[in-house]
Structures are given as structure tokens and as C-alpha cells.
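Let's take a friendly walk through a protein model, one region at a time. Have the sequence and the structure at hand as you read.

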Amino acid sequence: MRIFQSFGDSLRTVSQLHREVIDHYKQQPISQRIARGMIQALLAISASSAAYGLGLLLHTQNAFWAALTAISVTQQSYADTRSSSHDQWVGAVVGGAAALLGSYLGGEHYYVYAITLVIGIIASWAMNIGSAGKIAATTVATVMLVPHAGSFWSVALIRLLEVAIGVICALLATRALNWMQDSLLGKPEITEAKANEAGHG
């Protein structure tokens, strides 16, 4: 019973934090929201274009997966993009491994896909990387459901390559934007009060 109570408390805390973040963005003036949207759009087009071009250059089967990955992991700060990229990469590895194992043991059947997807998500949570669970599931779906030519091994490896391309391009685009912001606007100063507050927190 205590386990379920703790789990329920955790869900409520996460839900509350999510609502607070949404409320914070809703309270911003429209000019700030538009500016944030423009920055996000600039990052998305830069990262996805670079990823797509590099995917074509390396002759991956579907370079658009690299572009989709770049868009999905790109955040407005480098630290957030790096965290999102870590989840994307770990999820892709877990999902790819699960898809390969599932297809090897069970073949190309829908029930094998369903079982494999569940295993990929549970494995992510069991390894304390629950945030990568959805990515693992997406990877299982793309490897096992999307029509492909060749073996599951080659498909999974190419998907991982495309994910890696998207992640790298997103990180480079975000790093470049943050560098330009620091150069033009200067790095934000940390006041003594804020430093003390962070130290006590």
C-alpha cells in the first residue's frame, strides 16, 4: 500500500510542476511568446536541415528520420537539448535492441511487435531512464512496422545512425545559438543573492 501511495504522490507532484510551467508560459506577454517561437523555429529549421543534408550525404535509407530527431530534441538551451538528446539516444538504443531481439525470437508478427514495445518501455523504466521510454517505443515501431528492404539488423543500425545525426546537429545548432546570444547580449550575471540562494537550495 505504501508503494502505491508513494507512486501516487510522485504523479501528483509531476502533474503540479507541469501545470506551473504551462501557467508560466501563458502569463508571458505575446511579444515574448512570439520571440521564443521564432527562436525555436530558427533552431528547428537549422538543425533539421543540417541533419537531413548529412543523412542524404551519408546515403542513409530515410534521411527524414535524422531531421525528425533533430526537431524532437532541439530545445532553446544547450543544457536542455543535451538532456533531451541523451533520452533520445538511450531510448533509440533500448528500442533498437528490443526490436532486434523481438524480431529474432518471434519474427514479423504484430503480437511480437506489441510485446516488444511493452518490454522496451518497461526496460527503460527499470533502468531508471523512464523519460526515454517513449523514444524506445517509437524506435520499436519504426524498426518493426515501417516497410523496409533488408534485415532488421541493417534497419536498426541505420535508424541509430540517423538518430545520431539528428542529435549531433541539434546540439551544434543550439550551441551555436547560445554562443551568439552570449556574444551579442553578454552572459547573464549571477548576483551574490542568487548565488547564496542556489547554495542554500
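Predicted model: local features only at pLDDT ≥ 70, side-chain atom pairs only at ≥ 80, totals over all residues.

## Met144 and its neighbours

If we leave aside the residues within four places of it in sequence, Met144 is in contact with Ala99, Ser103, Val112, Tyr113, Thr116 and Phe152.

Met144 also belongs to the largest nonpolar core, which has 14 residues. Which members of this core touch the most other members? They are Tyr113, Leu117, Val140, Val143, Met144 and Phe152. Two or more residues come from each of helix 4, helix 5 (110-126), helix 6 and helix 7 (152-185). Helix 6 gives the most, with five residues. A second, separate core has eleven residues, among them Ala47, Ala66, Val73 and Cys169. As general background, nonpolar side chains tend to be buried together in soluble globular proteins.

## Helix 4 against helix 6

Two packed helices are described by the angle between their axes and the distance between the axes. Helix 4 covers residues 78-106 and helix 6 covers residues 133-144; they pack at an angle of about 45°, with their axes 7 Å apart. Because of that angle, helix 4 is oblique to helix 6. The crossing of helix 4 with helix 6 is right-handed.

On the helix 4 side, the contact is made by Asp87, Gln88, Gly91, Ala92, Val94, Gly95, Gly96, Ala98, Ala99 and Ser103. On the helix 6 side, Ile135, Ala136, Thr139, Val140, Val143 and Met144 take part.

## A look at Asp87

Asp87 sits in helix 4. Is Asp87 buried or exposed? Its relative accessible area is 18%, and buried means under 20%, so Asp87 is buried. Apart from neighbours within four places in sequence, Asp87 is in contact with Ser131, Ala132 and Ile135.

## Helix 5 against helix 6

Now turn to another pair of helices. The axes of helix 5 and helix 6 cross at roughly 155° and come within 8 Å. Angles over 145 degrees count as roughly antiparallel, so helix 5 is roughly antiparallel to helix 6. Helix 5 passes helix 6 in a right-handed crossing.

Helix 5 brings Val112, Tyr113, Thr116, Leu117, Gly120, Ile121 and Ser124 to the contact, while helix 6 brings Gly133, Ala136, Ala137, Val140, Ala141 and Met144. The residues of this contact are nine nonpolar, four polar and no charged.

## A look at Ile115

Ile115 lies in helix 5. Its relative accessibility is 49%, so Ile115 counts as partly exposed. Between the C-alpha atoms of Ile115 and Ala99 the distance is 9.9 Å, and these two residues are 16 residues apart along the chain.

## The whole chain

Let's step back to the protein chain as a whole. How many helices and strands are there in the protein chain? There are eight helices and zero strands, so that, reading from the N terminus on, the elements run α-α-α-α-α-α-α-α.

The protein chain has 201 residues, and buried residues make up 35% of them. Among contacts in the protein chain with a separation of 6 or more, 70% are between residues 24 or more positions apart.

How values were computed: Residues numbered from 1 in each chain as written. Heavy atoms only, no water. Axes fitted to C-alpha atoms, helices over the stretch in contact; angles between N-to-C directions. Helix = DSSP H or I, 4+ residues; strand = E, 2+ residues; numbered from the N terminus. Parallel < 35°, antiparallel > 145°, perpendicular 65-115°, else oblique. Left-handed = near helix turned anticlockwise from the far one by under 90°. Contact = heavy atoms within 4.5 Å. Core = buried A, V, L, I, M, F, W, Y, C linked by side-chain atoms within 4.5 Å. Buried < 20%, exposed > 50% of the residue type's maximum accessible area, 1.4 Å probe, protein only. Nonpolar A, V, L, I, M, F, W, Y, C, P; charged D, E, K, R; others polar.
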